Amino acid sequence: MRVGYSAGSNEAFAYNEIAVKGRILDLSPTGCAVFTRDALPTGTDLGLVIHMEKHGDVAGRGLVRWTKGVDAREGFACGVEFTKLGPRERD
């Protein structure tokens, strides 16, 4: 994922690329729920690559809409709304 941050009074953002592994819990045409070991803050813009056994990789962008802790699994469930998918990815 690409994480943006700013320091001091400067409104210019710097971006870092951070690889975060997760597991899809639920998938729909408009978004997905993802389980990760790391919390993804609400409002985070994500670059996503979803590996699908029968259809290959699906790549796109999404926005984290909610995050909640899953204590029993020592991780976090996050709701992601897709913001950019190509025609092949939508299918």
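A salt bridge is taken here as a side-chain nitrogen of Lys or Arg within 4 Å of a carboxyl oxygen of Asp or Glu. The structure is a predicted model, and by this rule the count comes to three salt bridges.

**Strands 5 and 6**

Aspartate 45 and arginine 61 form a salt bridge through their side chains, at 2.8 Å from N to O. Aspartate 45 belongs to strand 5 (residues 45-52) and arginine 61 to strand 6 (residues 56-70), so the pair ties together parts that are 16 residues apart in sequence. Aspartate 45 counts as partly exposed, at 35% relative accessibility. Arginine 61, at 27% relative accessibility, also counts as partly exposed.

**Strands 6 and 7**

The side chains of arginine 65 and glutamate 81 meet in a salt bridge at 2.6 Å, N to O. This pair links distant parts of the chain, with arginine 65 in strand 6 and glutamate 81 in strand 7 (residues 75-85), 16 residues apart. Arginine 65 is partly exposed at 47% relative accessibility, and glutamate 81 is partly exposed with a relative accessible area of 32%.

**Arginine 88 and glutamate 89**

A salt bridge also joins the side chains of arginine 88 and glutamate 89, at 3.7 Å from N to O. Arginine 88 counts as partly exposed at 49% relative accessibility; glutamate 89 is partly exposed, with a relative accessible area of 22%.

| Salt bridge | Distance, N to O |
|---|---|
| Aspartate 45 – arginine 61 | 2.8 Å |
| Arginine 65 – glutamate 81 | 2.6 Å |
| Arginine 88 – glutamate 89 | 3.7 Å |

Methods: Residues are numbered from 1 along each chain as its sequence is written. This is a predicted model: local features need pLDDT of at least 70, side-chain atom pairs count only at pLDDT 80 or more; totals for chains, interfaces and linings use all residues. Side-chain values use heavy atoms; hydrogens and water are left out. Helices (H or I, at least four residues) and strands (E, at least two) are DSSP runs, numbered from the N terminus. Buried means under 20% relative accessible area, exposed over 50%, partly exposed in between (1.4 Å probe, protein chains only).
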